[in-house]
Amino acid sequence: MLFRSTFAEPVKNFCLLAEEREVRKGIAGPIKLIRFVECRNTLTRTEFQARWFEEYAQHVLAMPSVRHPSVRYVQNQTLPPEQSDGWGLGADCVDEFWFESEAAAIAAFRSLATLDAGMSSLTARITCVMTNEVVLHDLDRKSTRLNSSH
């Protein structure tokens, strides 16, 4: 099984403040892949962000499994830097992907793992979670509909 466990160690509590950057608009499908990324301690936060948010994002956008029109891709820069000191889960950024199916998410996960191996000088650890996301009420769509009907 590809996704056997979520975290290598117990996560006591988790709170993350981040600035969202939409890299690729797409339909927010029901399957979501979330990646908590920790940068190598050999890089400054500024160096990591410059490479992750620009160079890495361009490599991701070139992948066939992410280029599909329905895939949405968002990068979140953590504010302030999260530290894993036994409380929570350390992350320098969080990538989010939405897919129409579990098979599409797994294909992208495998492609991302290959890309990550080739860019291992950037990251110390990437923790992935795949979930079935349910949107109970989309306020943005409602407001768009209301605005377009007037």
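**Exercise 1. Classify the two ends of the Arg21–Glu54 salt bridge by accessibility, and state what the pair ties together.**

Solution. Arg21 has 30% relative accessibility and therefore counts as partly exposed; the classes are buried under 20% relative accessible area, exposed over 50%, and partly exposed in between (1.4 Å probe, protein chains only). Glu54, with a relative accessible area of 45%, is partly exposed. This is a predicted model, in which local features need pLDDT of at least 70 and side-chain atom pairs count only at pLDDT 80 or more, while totals for chains, interfaces and linings use all residues. Residues are numbered from 1 along each chain as its sequence is written, and side-chain values use heavy atoms, with hydrogens and water left out.

Next, the distance: the closest N and O atoms of Arg21 and Glu54 are 3.9 Å apart. A salt bridge requires a side-chain nitrogen of Lys or Arg within 4 Å of a carboxyl oxygen of Asp or Glu. The closest N and O atoms of Arg21 and Glu54 being 3.9 Å apart, Arg21 in strand β1 and Glu54 in helix α1 form a pair that ties together parts 33 residues apart in sequence. Helices (H or I, at least four residues) and strands (E, at least two) are DSSP runs, numbered from the N terminus.

**Exercise 2. How many salt bridges does the rule give, and which residues are linked in a network?**

Solution. The count comes to 8 salt bridges. Glu20, Glu22 and Arg72 are linked in a network.

**Exercise 3. Describe the strand order of the sheet and locate its edges.**

Solution. Two strands pair if DSSP finds at least two bridges between them. The edge strands, β1 (18-24) and β5 (123-132), each pair on one side only. From one strand to the next the twist averages 20 degrees. Inside the sheet, 6 bridges join β3 (residues 72-78) to β4 (residues 93-99), and Gln77 has Cys93 in β4 as its bridge partner.

**Exercise 4. Which helices lie across the sheet strands, and at what angles do they run?**

Solution. Helix α1 (residues 45-61) lies across β1, β2 (31-39), β3, β4 and β5, at about 175 degrees to β3. Helix α3 (residues 102-118) lies across β2, β4 and β5, at about 20 degrees to β2. Axes are lines fitted to C-alpha atoms, for helices over the stretch in contact (heavy atoms within 4.5 Å). Angles run from 0 to 180 degrees between N-to-C directions.

The axes of α1 and α3 come within 11 Å and cross at roughly 145 degrees. At this meeting, Tyr56, His59 and Val60 in α1 contact Leu112, Leu115 and Asp116 in α3.
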